[in-house]
Amino acid sequence: MFIDRIMKRKNNIDQNTKDDYSLGYQKGVLDYLSYRALKSFDFILPYLRPDMEVLECGCGPGVVTFEIANKVINGSVIGIDIDKDLISSNNSKVDESKIKNLKFRVANILELPYTDNFFDIVYMQAVLVHIKNPINAIREVHRVLKNDGLILVKEPVMDRAIFCPEEPLFLETFELIEKAIKSYGGDPSVGRKLWPMLNEVGFRDILISSSWEQPGSLDEWPSFYEGWVNVVKGKIGDIILEEGWVDEKHLIDIGNAWMNLSKHKRGYAASPWGEAVGWK
Ligand SMILES: C[S@@+](CC[C@H](N)C(=O)[O-])C[C@H]1O[C@@H](n2cnc3c(N)ncnc32)[C@H](O)[C@@H]1O
(Lines give C-alpha, C1' and ligand atoms only; values in the text may rest on other atoms or scores of the structure.)
Protein backbone atom coordinates (compact mmCIF):
# COMPACT_ATOMS: atom_id res chain seq x y z
CA MET A 1 0.00 0.00 0.00
CA PHE A 2 2.70 2.43 1.08
CA ILE A 3 4.82 1.59 -2.00
CA ASP A 4 1.70 2.05 -4.19
CA ARG A 5 1.21 5.54 -2.75
CA ILE A 6 4.84 6.50 -3.38
CA MET A 7 4.77 5.19 -6.98
CA LYS A 8 1.50 7.02 -7.68
CA ARG A 9 2.83 10.31 -6.42
CA LYS A 10 6.16 9.98 -8.25
CA ASN A 11 4.66 8.92 -11.60
CA ASN A 12 1.98 11.53 -11.74
CA ILE A 13 4.37 14.30 -12.72
CA ASP A 14 2.05 16.51 -14.71
CA GLN A 15 -0.80 16.63 -12.24
CA ASN A 16 -1.24 18.32 -8.91
CA THR A 17 -4.05 17.02 -6.80
CA LYS A 18 -4.83 17.64 -3.15
CA ASP A 19 -2.93 14.40 -2.34
CA ASP A 20 0.25 15.94 -3.75
CA TYR A 21 0.18 18.69 -1.12
CA SER A 22 2.66 17.58 1.55
CA LEU A 23 1.85 20.00 4.40
CA GLY A 24 -1.66 18.69 5.04
CA TYR A 25 -4.54 20.50 6.70
CA GLN A 26 -4.20 19.85 10.45
CA LYS A 27 -5.33 22.72 12.64
CA GLY A 28 -1.80 23.48 13.95
CA VAL A 29 -0.52 23.80 10.38
CA LEU A 30 -3.42 26.03 9.30
CA ASP A 31 -2.92 28.27 12.36
CA TYR A 32 0.76 28.57 11.48
CA LEU A 33 -0.05 29.45 7.84
CA SER A 34 -2.57 32.11 8.90
CA TYR A 35 -0.12 33.69 11.31
CA ARG A 36 2.69 33.66 8.74
CA ALA A 37 0.58 34.82 5.80
CA LEU A 38 -0.55 38.01 7.52
CA LYS A 39 3.08 39.05 7.92
CA SER A 40 3.29 39.15 4.12
CA PHE A 41 0.51 41.62 3.54
CA ASP A 42 3.00 44.51 3.31
CA PHE A 43 4.44 42.90 0.18
CA ILE A 44 1.18 43.25 -1.77
CA LEU A 45 -0.33 46.34 -0.15
CA PRO A 46 1.49 48.94 -2.35
CA TYR A 47 -0.03 47.42 -5.51
CA LEU A 48 -3.70 47.29 -4.45
CA ARG A 49 -6.16 49.93 -5.69
CA PRO A 50 -9.82 50.13 -4.66
CA ASP A 51 -11.24 49.20 -8.10
CA MET A 52 -9.15 46.09 -8.79
CA GLU A 53 -10.18 42.52 -9.59
CA VAL A 54 -7.82 40.26 -7.64
CA LEU A 55 -7.25 36.51 -7.57
CA GLU A 56 -5.37 34.74 -4.80
CA CYS A 57 -4.20 31.24 -5.77
CA GLY A 58 -3.71 28.58 -3.10
CA CYS A 59 -5.28 30.90 -0.54
CA GLY A 60 -5.30 28.29 2.27
CA PRO A 61 -7.18 29.63 5.33
CA GLY A 62 -7.79 32.87 3.43
CA VAL A 63 -6.62 35.45 5.96
CA VAL A 64 -4.80 37.52 3.33
CA THR A 65 -7.78 37.24 0.97
CA PHE A 66 -9.93 38.94 3.62
CA GLU A 67 -7.34 41.71 4.00
CA ILE A 68 -7.29 42.24 0.22
CA ALA A 69 -11.11 42.54 0.21
CA ASN A 70 -10.83 45.44 2.66
CA LYS A 71 -8.57 47.28 0.24
CA VAL A 72 -10.35 46.65 -3.09
CA ILE A 73 -13.61 48.11 -1.83
CA ASN A 74 -14.91 49.00 -5.32
CA GLY A 75 -13.55 45.81 -6.90
CA SER A 76 -13.48 42.22 -5.73
CA VAL A 77 -11.23 39.36 -4.70
CA ILE A 78 -11.51 35.62 -5.25
CA GLY A 79 -9.46 33.07 -3.30
CA ILE A 80 -9.04 29.67 -4.91
CA ASP A 81 -7.64 26.52 -3.34
CA ILE A 82 -7.61 22.85 -4.25
CA ASP A 83 -9.03 21.81 -0.87
CA LYS A 84 -12.82 21.92 -0.72
CA ASP A 85 -13.10 21.81 3.10
CA LEU A 86 -10.93 24.90 3.41
CA ILE A 87 -12.97 26.70 0.77
CA SER A 88 -16.23 25.80 2.45
CA SER A 89 -14.93 26.98 5.85
CA ASN A 90 -13.63 30.22 4.27
CA ASN A 91 -17.00 30.84 2.58
CA SER A 92 -18.80 30.37 5.92
CA LYS A 93 -16.57 33.11 7.34
CA VAL A 94 -17.50 35.34 4.40
CA ASP A 95 -21.22 34.74 5.10
CA GLU A 96 -20.73 35.64 8.77
CA SER A 97 -18.73 38.76 7.92
CA LYS A 98 -21.28 40.00 5.36
CA ILE A 99 -18.39 41.15 3.14
CA LYS A 100 -19.77 41.42 -0.40
CA ASN A 101 -16.69 41.67 -2.60
CA LEU A 102 -15.01 38.41 -1.55
CA LYS A 103 -15.58 34.78 -2.44
CA PHE A 104 -13.72 31.50 -2.29
CA ARG A 105 -13.85 28.76 -4.89
CA VAL A 106 -12.39 25.27 -5.29
CA ALA A 107 -9.99 25.30 -8.25
CA ASN A 108 -6.61 24.01 -9.36
CA ILE A 109 -4.01 26.67 -10.19
CA LEU A 110 -3.07 24.58 -13.25
CA GLU A 111 -6.61 24.94 -14.72
CA LEU A 112 -8.08 28.20 -13.52
CA PRO A 113 -11.82 28.43 -14.23
CA TYR A 114 -11.55 31.98 -15.64
CA THR A 115 -11.37 33.43 -19.12
CA ASP A 116 -8.23 35.05 -20.52
CA ASN A 117 -7.45 38.67 -19.48
CA PHE A 118 -9.70 38.65 -16.41
CA PHE A 119 -7.77 39.89 -13.35
CA ASP A 120 -5.73 43.00 -12.49
CA ILE A 121 -3.62 41.14 -9.93
CA VAL A 122 -2.90 37.48 -9.18
CA TYR A 123 -1.20 36.86 -5.85
CA MET A 124 0.19 33.66 -4.39
CA GLN A 125 2.34 32.69 -1.46
CA ALA A 126 3.87 29.28 -0.69
CA VAL A 127 2.03 27.54 -3.54
CA LEU A 128 4.60 26.99 -6.33
CA VAL A 129 6.74 25.18 -3.75
CA HIS A 130 4.17 22.36 -3.84
CA ILE A 131 3.61 22.25 -7.61
CA LYS A 132 5.47 19.60 -9.62
CA ASN A 133 5.81 21.78 -12.68
CA PRO A 134 5.56 25.36 -11.34
CA ILE A 135 6.12 27.05 -14.69
CA ASN A 136 2.77 25.64 -15.86
CA ALA A 137 1.09 27.38 -12.93
CA ILE A 138 2.79 30.68 -13.85
CA ARG A 139 1.64 30.26 -17.48
CA GLU A 140 -1.93 29.80 -16.27
CA VAL A 141 -1.67 32.93 -14.10
CA HIS A 142 -0.32 34.86 -17.09
CA ARG A 143 -3.32 33.73 -19.17
CA VAL A 144 -5.95 35.02 -16.72
CA LEU A 145 -4.22 38.36 -16.14
CA LYS A 146 -5.29 41.42 -18.09
CA ASN A 147 -2.67 43.08 -20.27
CA ASP A 148 -0.65 45.25 -17.86
CA GLY A 149 -1.93 43.05 -15.02
CA LEU A 150 0.43 42.05 -12.22
CA ILE A 151 1.63 38.79 -10.74
CA LEU A 152 2.78 38.97 -7.11
CA VAL A 153 4.46 35.83 -5.86
CA LYS A 154 6.31 34.89 -2.71
CA GLU A 155 7.96 31.48 -2.22
CA PRO A 156 10.43 29.94 0.27
CA VAL A 157 14.14 29.22 -0.15
CA MET A 158 14.43 26.41 2.36
CA ASP A 159 18.00 25.32 1.66
CA ARG A 160 19.34 28.43 3.40
CA ALA A 161 18.61 29.59 6.96
CA ILE A 162 20.12 31.36 9.94
CA PHE A 163 20.42 29.40 13.18
CA CYS A 164 21.90 30.60 16.44
CA PRO A 165 23.01 28.48 18.20
CA GLU A 166 23.97 26.22 15.31
CA GLU A 167 22.03 23.34 16.81
CA PRO A 168 22.19 20.38 14.38
CA LEU A 169 18.52 19.57 15.10
CA PHE A 170 17.47 22.95 13.65
CA LEU A 171 19.28 22.32 10.39
CA GLU A 172 17.91 18.79 10.33
CA THR A 173 14.34 20.10 10.73
CA PHE A 174 14.67 22.04 7.50
CA GLU A 175 16.41 19.17 5.72
CA LEU A 176 13.60 16.77 6.68
CA ILE A 177 10.86 19.20 5.60
CA GLU A 178 12.68 19.77 2.29
CA LYS A 179 13.02 16.02 1.72
CA ALA A 180 9.32 15.47 2.42
CA ILE A 181 8.26 18.29 0.05
CA LYS A 182 10.58 16.92 -2.66
CA SER A 183 9.21 13.40 -2.21
CA TYR A 184 5.80 14.84 -3.16
CA GLY A 185 7.23 16.47 -6.29
CA GLY A 186 7.65 20.00 -4.88
CA ASP A 187 10.69 22.27 -4.91
CA PRO A 188 11.32 23.69 -1.41
CA SER A 189 13.72 26.34 -2.73
CA VAL A 190 11.66 27.47 -5.72
CA GLY A 191 11.76 31.01 -4.25
CA ARG A 192 15.20 31.58 -5.79
CA LYS A 193 13.96 30.72 -9.32
CA LEU A 194 11.14 33.25 -9.63
CA TRP A 195 12.92 35.64 -11.99
CA PRO A 196 13.84 33.03 -14.66
CA MET A 197 10.39 31.46 -14.51
CA LEU A 198 8.46 34.74 -14.81
CA ASN A 199 10.82 35.83 -17.57
CA GLU A 200 10.34 32.59 -19.52
CA VAL A 201 6.56 32.93 -19.35
CA GLY A 202 6.74 36.47 -20.72
CA PHE A 203 6.30 38.79 -17.74
CA ARG A 204 8.13 42.12 -18.12
CA ASP A 205 9.74 44.64 -15.75
CA ILE A 206 10.18 41.90 -13.16
CA LEU A 207 11.10 43.14 -9.69
CA ILE A 208 12.82 40.71 -7.36
CA SER A 209 13.14 41.08 -3.60
CA SER A 210 13.65 38.84 -0.61
CA SER A 211 12.48 38.73 2.97
CA TRP A 212 12.89 36.61 6.09
CA GLU A 213 10.42 34.44 7.87
CA GLN A 214 11.29 35.28 11.46
CA PRO A 215 9.65 36.24 14.75
CA GLY A 216 9.20 39.93 15.54
CA SER A 217 9.05 40.82 19.23
CA LEU A 218 10.19 38.39 21.93
CA ASP A 219 6.51 37.78 22.80
CA GLU A 220 6.04 36.26 19.37
CA TRP A 221 8.77 33.66 19.73
CA PRO A 222 6.79 30.78 21.28
CA SER A 223 3.95 30.89 18.72
CA PHE A 224 6.39 31.45 15.87
CA TYR A 225 8.67 28.47 16.55
CA GLU A 226 5.69 26.35 17.58
CA GLY A 227 4.45 26.89 14.02
CA TRP A 228 7.52 25.13 12.61
CA VAL A 229 7.09 22.33 15.18
CA ASN A 230 3.44 21.94 14.09
CA VAL A 231 4.59 21.44 10.50
CA VAL A 232 6.88 18.61 11.60
CA LYS A 233 4.06 17.11 13.69
CA GLY A 234 1.56 17.16 10.80
CA LYS A 235 1.44 15.32 7.47
CA ILE A 236 5.14 16.12 6.93
CA GLY A 237 5.88 14.20 10.14
CA ASP A 238 3.83 11.24 8.85
CA ILE A 239 5.82 11.26 5.59
CA ILE A 240 9.13 11.41 7.53
CA LEU A 241 8.12 8.44 9.69
CA GLU A 242 6.63 6.44 6.80
CA GLU A 243 9.82 6.91 4.81
CA GLY A 244 11.85 5.91 7.88
CA TRP A 245 14.19 8.93 7.67
CA VAL A 246 14.16 9.24 11.49
CA ASP A 247 12.12 7.64 14.26
CA GLU A 248 9.37 9.12 16.41
CA LYS A 249 11.69 9.80 19.37
CA HIS A 250 13.95 11.85 17.12
CA LEU A 251 11.00 13.94 15.91
CA ILE A 252 10.10 14.61 19.56
CA ASP A 253 13.72 15.69 20.22
CA ILE A 254 13.45 18.09 17.26
CA GLY A 255 10.22 19.57 18.64
CA ASN A 256 11.79 19.98 22.10
CA ALA A 257 14.86 21.74 20.65
CA TRP A 258 12.62 24.37 19.05
CA MET A 259 10.47 24.77 22.15
CA ASN A 260 13.65 25.29 24.24
CA LEU A 261 14.78 27.98 21.81
CA SER A 262 11.53 29.87 22.19
CA LYS A 263 11.39 29.38 25.96
CA HIS A 264 14.93 30.50 26.81
CA LYS A 265 15.19 33.07 24.01
CA ARG A 266 18.95 32.60 23.79
CA GLY A 267 18.99 32.07 20.09
CA TYR A 268 17.38 32.86 16.84
CA ALA A 269 16.35 31.22 13.58
CA ALA A 270 15.12 32.70 10.33
CA SER A 271 14.42 31.42 6.86
CA PRO A 272 14.60 33.37 3.56
CA TRP A 273 11.91 33.88 0.92
CA GLY A 274 12.06 35.06 -2.67
CA GLU A 275 9.49 37.59 -3.88
CA ALA A 276 8.69 38.69 -7.41
CA VAL A 277 6.42 41.19 -9.10
CA GLY A 278 5.95 41.11 -12.87
CA TRP A 279 3.73 42.83 -15.43
CA LYS A 280 1.93 41.06 -18.29
C1 LIG B 1 1.46 26.30 2.14
S2 LIG B 1 -0.24 26.60 1.79
C3 LIG B 1 -0.20 28.35 1.60
C4 LIG B 1 -1.54 28.98 1.90
C5 LIG B 1 -1.53 30.49 1.83
N6 LIG B 1 -1.17 30.96 0.52
C7 LIG B 1 -0.59 31.04 2.86
O8 LIG B 1 0.44 31.61 2.50
O9 LIG B 1 -0.87 30.87 4.04
C10 LIG B 1 -0.45 26.03 0.12
C11 LIG B 1 -1.90 26.00 -0.30
O12 LIG B 1 -1.92 25.71 -1.70
C13 LIG B 1 -2.99 24.81 -1.96
N14 LIG B 1 -2.68 24.09 -3.19
C15 LIG B 1 -1.78 23.10 -3.38
N16 LIG B 1 -1.78 22.70 -4.66
C17 LIG B 1 -2.70 23.47 -5.32
C18 LIG B 1 -3.16 23.53 -6.66
N19 LIG B 1 -2.68 22.72 -7.59
N20 LIG B 1 -4.12 24.44 -6.96
C21 LIG B 1 -4.63 25.26 -6.01
N22 LIG B 1 -4.23 25.24 -4.71
C23 LIG B 1 -3.28 24.36 -4.37
C24 LIG B 1 -3.05 23.92 -0.72
O25 LIG B 1 -4.31 23.31 -0.60
C26 LIG B 1 -2.73 24.91 0.39
O27 LIG B 1 -3.89 25.46 0.93
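This is a predicted model: local features need pLDDT of at least 70, side-chain atom pairs count only at pLDDT 80 or more; totals for chains, interfaces and linings use all residues.

Biologist: At what angle do α9 and α11 pack?

Modeller: Helix α9, residues 221-233, packs against helix α11, residues 248-264, at about 170 degrees. Their axes are 8 Å apart. That angle makes α9 roughly antiparallel to α11, because anything over 145 degrees counts as such.

Biologist: Which residues in α9 meet α11?

Modeller: From α9, the contact takes in Trp221, Pro222, Tyr225, Glu226, Trp228, Val229, Val232 and Lys233. On the α11 side they meet Leu251, Ile254, Gly255, Trp258, Met259, Leu261 and Ser262.

Biologist: And how many of those are nonpolar, polar or charged?

Modeller: Eleven are nonpolar, two are polar and two are charged.

Biologist: How far does α9 reach from its first C-alpha to its last?

Modeller: It reaches 18 Å over 13 residues. That is close to the 18 Å expected at 1.5 Å a residue.

Biologist: Which residues of α9 are buried?

Modeller: Trp221, Phe224, Tyr225, Gly227, Trp228, Val229, Asn230 and Val231.

Biologist: What covers them?

Modeller: The cover includes α2 (27-38), α7 (168-183), α10 (235-243) and α11.

Biologist: Zooming out. How many helices and strands does the chain have?

Modeller: The protein chain has eleven helices and eight strands.

Biologist: What is its radius of gyration?

Modeller: It is 19 Å. A compact globule of 280 residues would come out near 19 Å, so the chain agrees with that. Along the principal axes, the C-alpha trace spans about 50 × 45 × 40 Å.

Biologist: What share of the residues count as buried?

Modeller: Of the 280 residues, 39%. As for contacts, take those between residues at least 6 apart in sequence: 77% of them join residues at least 24 apart.

Biologist: On phi, then: what is the value for Asp148?

Modeller: About 75 degrees, which is positive although Asp148 is not a glycine. The residue is found in strand β5, residues 145-156.

Biologist: Is Asp148 buried or exposed?

Modeller: Exposed, because Asp148 has 9 C-beta neighbours inside 10 Å and the cut-off is 12 or fewer.

Biologist: What about phi of Asp205?

Modeller: Near 50 degrees, again a positive value in a residue other than glycine. Asp205 lies in strand β7, residues 204-213. With 8 other C-beta atoms within 10 Å, Asp205 is exposed.

Biologist: Which residues is Glu155 in contact with, leaving aside neighbours within four places in sequence?

Modeller: Ala126, Leu128, Val129, Val190, Gly191, Leu194, Trp273 and Gly274.

Biologist: What separation do the C-alpha atoms of Glu155 and Glu178 have?

Modeller: They are separated by 13 Å. Along the chain, Glu155 and Glu178 are 23 residues apart.

Technical notes. Residues are numbered from 1 along each chain as its sequence is written. Axes are lines fitted to C-alpha atoms, for helices over the stretch in contact, and angles run from 0 to 180 degrees between N-to-C directions. Helices (H or I, at least four residues) and strands (E, at least two) are DSSP runs, numbered from the N terminus. Angles under 35 degrees count as roughly parallel, over 145 as roughly antiparallel, 65 to 115 as roughly perpendicular and the rest as oblique. Two residues are in contact if their C-beta atoms, placed from the backbone, lie within 7 Å. Ala, Val, Leu, Ile, Met, Phe, Trp, Tyr, Cys and Pro count as nonpolar, Asp, Glu, Lys and Arg as charged, and the others, Gly among them, as polar. The expected span of a helix is 1.5 Å times one less than its number of residues. A residue is buried if 20 or more other C-beta atoms lie within 10 Å of its own, exposed if 12 or fewer, and partly exposed in between; C-beta atoms are placed from the backbone. The radius of gyration is taken over C-alpha atoms; the globule rule is 2.2 Å times the number of residues to the power 0.38.
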